[in-house]
Amino acid sequence: MHRLAPRPWLLIAAAVAVVVALLPLAYLTIRTSEAGWEAIRTELTSPRVADLGARSLALAAVVTAACVTLGVGTAFLVTRTDLPARRLFTILAALPLAVPTYIAAFTWVSTVDGFEGFWASALVLTLCSYPYVFLPVAAALHRADPAQEEVARSLGRGAWHTFTTVTLPQIRPAIAGGALLVALYVLSDFGAVAILRTDTFTRAVFIAFDLGFDRTGALVLSTVLVALTVLLLAGETLTRRRGARYARVGAGARRPHTPARLAALRWPAAAALTAVAALAFGVPAVNLARRLAAGVSRPGSLTEIATAAGNSLTVSLAGAALTMLLALPIGLLTARAPGVLANGLERLSYLTHALPGIVIGLSLVFFGINVAYPLYQSVWLLTLAYAALFLPLAVAAVAAAAAQAPPVLEEAARSLGRRPAAVFATVTLPLALPGIAAGAAMVFLTCMKELPATLLLRPTGMDTLATELWTHTTVAAYAGAAPYAALLVLLSAIPTWVLAARTGILAQEGTR
C-alpha cells in the first residue's frame with residue numbers, strides 16, 4: 001500500500017481538478033438556495049416530481065438491467081466460446097457506441113410509425129448503451145487468469161456453477177463500473193427521451209429552462225438528479241469492495257482460455273448477435289444511407305457539412321485534452337495512493353456526470369459572465385463543460401492504466417535519485433499510455449456526440465455536426481439531417497474501433 005505523504009503535489013492537483021469539475025454543481029447549489037426552502041419543499045413534494053422520479057428511475061433500471069444482460073452475454077460469447085467470427089462480433093458489439101442516442105431515436109422515429117414512449121426510449125437507450133458494459137467486461141474476461149476456473153472444473157463444478165462462483169466474481173468490478181456508467185448516462189440523456197417524447201427529469205429540466213416558466217422547478221429537479229447519483233455511487237462503491245478480494249495478485253504470464261464448445265447453440269448464438277447488431281447499428285445505417293443523397297443535394301451543403309465536421313473535431317479534441325489533463329492526477333492518486341481522500345476525490349468527480357447538459361451549460365454561462373468573462377463565448381468554456389461532463393470516463397481509464405503499471409519500477413527509479421516529475425514522465429506515463437489513450441478515445445467520442453451543452457456554449461456562428469443535426473431534426477427535416485448524422489457516426493467509429501481493440505479480442509490468436 002502506497003502512502004499519500006510522498007505525493008502531496010498529486011493530492012493538490014487532484015483537488016484542483018475536482019474543484020474545476022464541480023463548478024456546475026456550485027452554480028446549482030447557489031441558484032437553488034436562492035429560491036428559498038419553502039419553494040424547494042413545494043417542488044420536492046409535488047406529484048410531478050414523484051412521477052418524473054419514478055419514470056426516470058424505472059427507465060434507468062430497465063436499461064441498466066438490459067445492458068448488463070446483453071453486455072455480459074455478448075462479452076462471454078466472444079471471449080470464452082467457439083462462436084464463429086468472434087473478431088467481427090467484437091467490432092459489431094462496440095459500434096453502437098458510435099451512434100448518439102438522438103441519431104438512433106430519429107432514425108427509428110422516421111422508420112417506424114408511432115415509435116415513441118417509455119419502451120421505445122428503453123429500446124433505443126439499451127441498443128446505444130450496452131457497449132459501456134460489453135467493453136470493460138470483455139477486457140476483464142480476456143485478461144482474467146484461467147487457473148481459478150480450471151481448478152473449479154477439476155473439482156467437479158459444472159460450467160454454469162464455475163461461471164457464477166468463479167468467473168462472475170472476477171469480473172464483478174467491470175460489470176458494476178459499466179452498469180454505473182449506463183445508469184448515469186440514462187439519467188442524463190436528453191436526445192432520445194426528447195425525440196421519443198418520454199417525460200424524464202432531463203426532458204422536464206430542458207423544457208423548464210428552455211421556456212423559462214419554471215426555473216426553480218428545473219433547479220430542484222437537477223438537485224434530485226445529483227442525489228440519485230450519490231446513491232448510485234454508494235452502491236457501486238460497495239460492490240467494488242466486495243469484489244476486491246477476487247483481484248489477481250501479480251502480473252504473471254497470461255495463458256489463453258480454452259474456448260467452451262457451444263455445439264448446437266453455436267449458430268443460433270451467432271444469429272442472435274447478428275440480430276442485435278442489425279437493430280443497434282443496422283437500422284440507423286440503412287436509414288441514413290437511404291436519406292443521405294437528399295441531404296446533400298442542396299447547393300452549398302457540402303461546405304456547411306465540412307465546416308461543421310471541422311468544428312466538431314476541434315472542440316472534441318480540445319475537450320478530450322482538457323479532460324485527460326484533469327483526470328491524470330485523480331486517476332494516479334486513486335491507483336498509487338488509495339485511501340479515504342483519494343476515493344473521496346474520485347467519487348466527487350462523478351457528481352456532475354448525471355446532470356443534464358443544459359444545467360452544465362447554464363452554470364458555465366453564469367460562470368463565464370460573472371467570474372471569467374474572457375472565456376465567455378469561447379471554445380474554452382465549451383471544453384470546460386466537456387471536462388465536467390465526462391471526467392469520470394477519463395478518471396476510470398487513467399486509474400486502470402496506472403494500476404497495471406508495476407509500482408516497483410517507479411520505486412527503482414526513485415531509488416536512483418530521479419525526481420517524482422521525471423519518474424512520472426519516463427516510467428509511469430509510458431507504461432500507462434495505452435490505457436490513457438483508450439480513455440482519451442472514449443472522451444473524444446462522447447464529446448463528439450454531446451448536444452445540450454454544445455447548443456448553449458458554442459461560440460456564436462460555430463455549428464458542429466451535433467448542433468446541425470439537432471437543428472434539422474427539430475423541424476423533421478430528416479433528409480437534411482442525414483449527412484450530418486452519417487458523418488458524425490463515421491467519425492465516431494474510429495475511436496470506437498480503438499476501444500474495441502483495447503479489449504484484446506481483436507489481437508487474440510486463434511480467433512475466427
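**Ground rules.** I am working with a predicted model, in which local features need pLDDT of at least 70 and side-chain atom pairs count only at pLDDT 80 or more, while totals for chains, interfaces and linings use all residues. Residues are numbered from 1 along each chain as its sequence is written, and side-chain values use heavy atoms, with hydrogens and water left out.

**Overall make-up.** I looked up the secondary structure and found 23 helices and zero strands in the protein chain; helices (H or I, at least four residues) and strands (E, at least two) are DSSP runs, numbered from the N terminus. Of the 512 residues, 55% count as buried, where buried means under 20% relative accessible area, exposed over 50%, and partly exposed in between, with a 1.4 Å probe and protein chains only. The accessible surface of the chain comes to about 21600 Å², and 68% of that belongs to carbon and sulfur atoms; areas come from the Shrake-Rupley method with a 1.4 Å probe, and for residues only the protein chains shown count as cover. For contacts (heavy atoms within 4.5 Å) with a separation of 6 or more, I noted that residues 24 or more positions apart account for 84%.

**Helix H6.** I checked residues 101–109 for cover and found that eight of the nine residues of H6 are buried, among them Tyr-102, Phe-106 and Trp-108.

**Salt bridges.** I searched for side-chain nitrogens of Lys or Arg within 4 Å of a carboxyl oxygen of Asp or Glu, and the whole structure gives six salt bridges.

- Asp-51 and Arg-55 meet at 3.1 Å, N to O; both lie in helix H4 (residues 47–80), four residues apart, about one turn of the helix. Asp-51 counts as partly exposed because its relative accessibility is 40%, and Arg-55 is partly exposed at 25%.
- Arg-266 bridges to Asp-82, with the closest N and O atoms 3.8 Å apart. Arg-266 lies in helix H14 (residues 266–295) and Asp-82 in the loop between H4 and helix H5 (86–94), so this pair ties together parts that are 184 residues apart in sequence. I also recorded that Arg-266 and Asp-82 are buried.
- Glu-346 pairs with Arg-347, the closest N and O atoms being 3.7 Å apart. Glu-346 is buried at 4% relative accessible area, and Arg-347 counts as buried at 13%.

**Rings.** I then listed the aromatic pairs and found five. One of them is Tyr-386 with Phe-390, which is stacked, at 6.3 Å centre to centre and 25° between the planes. The rule I used pairs rings of Phe, Tyr and Trp (its six-membered ring) if their centres lie within 6.5 Å, with planes under 30 degrees apart counted as stacked, over 60 as edge-to-face and the rest as tilted. Tyr-386 and Phe-390 are separated by about one helical turn because they are four residues apart in helix H18 (residues 379–404), and both are buried.

**Surface patch.** Val-408, Leu-409 and Leu-431 make a nonpolar surface patch of about 250 Å². Patches are made of residues with over 30% relative accessible area and no salt bridge, like charges being joined within 9 Å and nonpolar side chains (Val, Leu, Ile, Met, Phe, Trp, Tyr) within 5 Å. I placed Leu-431 in helix H20 (residues 420–449), where Leu-431 counts as partly exposed at 39% relative accessibility.
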